[in-house]
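Please look over the sequence and the 3D structure shown here.

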Amino acid sequence: MEALPSTVPTRQESLAYLPSFPLPSQPAPPSASVLYLQGLDQALIEAEIVDPSQVRKLTMGQERDSLGLSFKTRQRLAQLGISELFAVQTALLPFLLPSSPFSSGLYLPHGPPRDVCVSAPTGSGKTLAYVLPILEVLSSRIVTRLRALVVLPTRDLVSQVRETFDVVCKGRGLKIGIATGQHSFAQEQAQLVGESSHRLEGGQSKVDILICTPGRLMDHLHGTPNFTLQHLRFLIIDEADRLVTQTFQDWLAQVLAATQPSPIPPTPMSHRRYRKSHSMTHYLLHGSHSLVLFRRLERTSKKRRNHHARSSCSPATLTRDPSKIAALNLRNTKYFVVGDEGQIRGGDGVDGVVGEAFAFPESLKEHMIVCDTVRKPLMLLYLIHVHFVVFKLSEANLGAGGKPQPVVAHAYSSDLSGGERKAILEKFRNADIGILVCSDLISRGIDISHVSHVVSYDSPLDMRKYVHRVGRTARAGRAGDAWSLVEEQEARYFKQMLSGANHLNQVTKMKVSEKILVPFMSHYNFALGQLKEVYGRQP
Ligand SMILES: Nc1ncnc2c1ncn2[C@@H]1O[C@H](COP(=O)(O)OP(=O)(O)OP(=O)(O)O)[C@@H](O)[C@H]1O
């Protein structure tokens, strides 16, 4: 037994051994960049920045080039006058196309395809970036099944994307359909499915690729027998930031659910069928590869041992609102952002990717004119005469006698029927109409290559509207000018909006003196007089 200490410590000596507690102190607050990134998808933070100058010349040598494009496709592109691929296409093709032509149908269970989300400037070629992989993967198909679905917000965009598919896929045997509600439901049904009198296992499709608006897609999902999304390999949700905010009928959740196999109740009779169907679906969904909004998102999901993937693309504005991205239910997403790395990774290194980054074409020149409200029509007249037409007359604008042809202007808005809008756009494309006076209906996605000037007669209320409006010009590397007519009382807000997006310095402020406007006064007053006469008439 241990001996007791000979002396017992005094009360003071024993207290001396008690630990002294540290004084309370405040933990250091997290840095702004840490707070900024909280709750965000790591994949978004690790986005791949693609240099816009990363174009690739198309070569005709081998059967399949280093991007994965077949000879036939390159030949077709060459016929269309496309000699190089733009940055967004160069970055996405190797990612979306299987490395070997023999693996195009299947993804391994441990390596299913990833979702893809892309943000690239307006007019940078995002459409072709998803059309080409779909063409390459589906053109080897044997049976027609609905394998690629492209969802767009408007009929006009559906028609435009259909034209791109038609032109690029010409001669490759793929069947392309659209569903927008422009034709009767029965007509559309007859174009989409071959058999609707009785239910066929696995559905039945007359098209390989369907381009549609979400509303009509829902109608077919619920009301067209044998219409199924179970064989989808590509789901593209173009203009995704706009579409995901449309909660209409919860369409996105329903589409995603419809890409899953439907289970058959395990009765003794159906057991064999269930296993068969399950393995078949497993096989088909295994290889599924769908593109979802954002102009390029590719994802995989795992459910009941079935794997499927989709990719999505984003428009010029990539939404970073976590709740919107969560609605897409993306898995293992790969983000591509086309733009200057220095600008995107500026600030704390993440701003441009995680915050809302706005991408502008490099060939775009932007201007703003601050003026009195009543002066706006006069400013427009000045722009048309000085900057657009009169002083820039080309041979084409001169009539037979060398006289300038009158410039035709036309209105374009949702007040017109679909057919009328299509006809007007066609005339505008063919330069039979020189000036299109339009609403924001046309401000997103519409591609008319020769548009050289865009005027925002009423200044846009937010940066997204601005970036899409100005993006109707300076497409595919061409030059273009965007003009914003800003009323004096709006100027402060407009400038704040631009500087909030770190873009104020890119917009030149233009002063138009009274002297310059004098020659237009007589025309202006004459037009005002005519207006008075028109509106003054009795109905
Ligand atoms: N590799 C290429 N070479 C030449 N022209 C191309 C190429 N790729 C696309 N284009 C053309 O560039 C134009 C713009 O393409 P697209 O409409 O796909 O742009 P976008 O990125 O979708 O624009 P937005 O964001 O405004 O919808 C189209 O006229 C298209 O034909």
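## Lining of the largest cavity

In this predicted model, helix α17 gives the most to the lining of the largest cavity, with 6 residues. The elements that give two or more residues to this lining are α17 (418–429) and α7 (155–168).

The lining of the largest cavity draws on both domains: at least three residues come from domain 1 (45–357), and at least three from domain 2 (361–537).

## Cavities and their residues

A probe the size of a water molecule, rolled over the atoms, shows where empty space is left. The structure has 2 cavities of 30 Å³ or more. The largest cavity holds about 160 Å³ of space.

The largest cavity is lined by 13 residues, and those closest to its centre are D156, S159, Q160, K422 and L425. What is the division of the lining into nonpolar, polar and charged residues? In the largest cavity, 7 of the lining residues are charged, 4 are polar and 2 are nonpolar.

## A pair of packed helices

Helix α9 (residues 214–223) packs with helix α11 (residues 251–258) at an angle of about 45°, and their axes are 10 Å apart. Because of this angle, α9 is oblique to α11. The crossing in which α9 passes α11 is left-handed.

Note on methods:
Residues are numbered from 1 along each chain as its sequence is written. This is a predicted model: local features need pLDDT of at least 70, side-chain atom pairs count only at pLDDT 80 or more; totals for chains, interfaces and linings use all residues. Side-chain values use heavy atoms; hydrogens and water are left out. On a 1 Å grid over the protein atoms alone, a cavity is a set of points where a 1.4 Å probe fits but cannot get out, and a pocket is an open set with protein on both sides within 12 Å along at least five of seven lines; lining residues have an atom within 4 Å of a point. Grid points are joined across faces, edges and corners, and a volume is the space filled by probe spheres set on the points. Helices (H or I, at least four residues) and strands (E, at least two) are DSSP runs, numbered from the N terminus. Ala, Val, Leu, Ile, Met, Phe, Trp, Tyr, Cys and Pro count as nonpolar, Asp, Glu, Lys and Arg as charged, and the others, Gly among them, as polar. Domain bounds come from an automatic or database domain assignment. Axes are lines fitted to C-alpha atoms, for helices over the stretch in contact, and angles run from 0 to 180 degrees between N-to-C directions. Angles under 35 degrees count as roughly parallel, over 145 as roughly antiparallel, 65 to 115 as roughly perpendicular and the rest as oblique. A crossing is left-handed if the near helix is turned anticlockwise from the far one by less than a right angle, and right-handed if clockwise.
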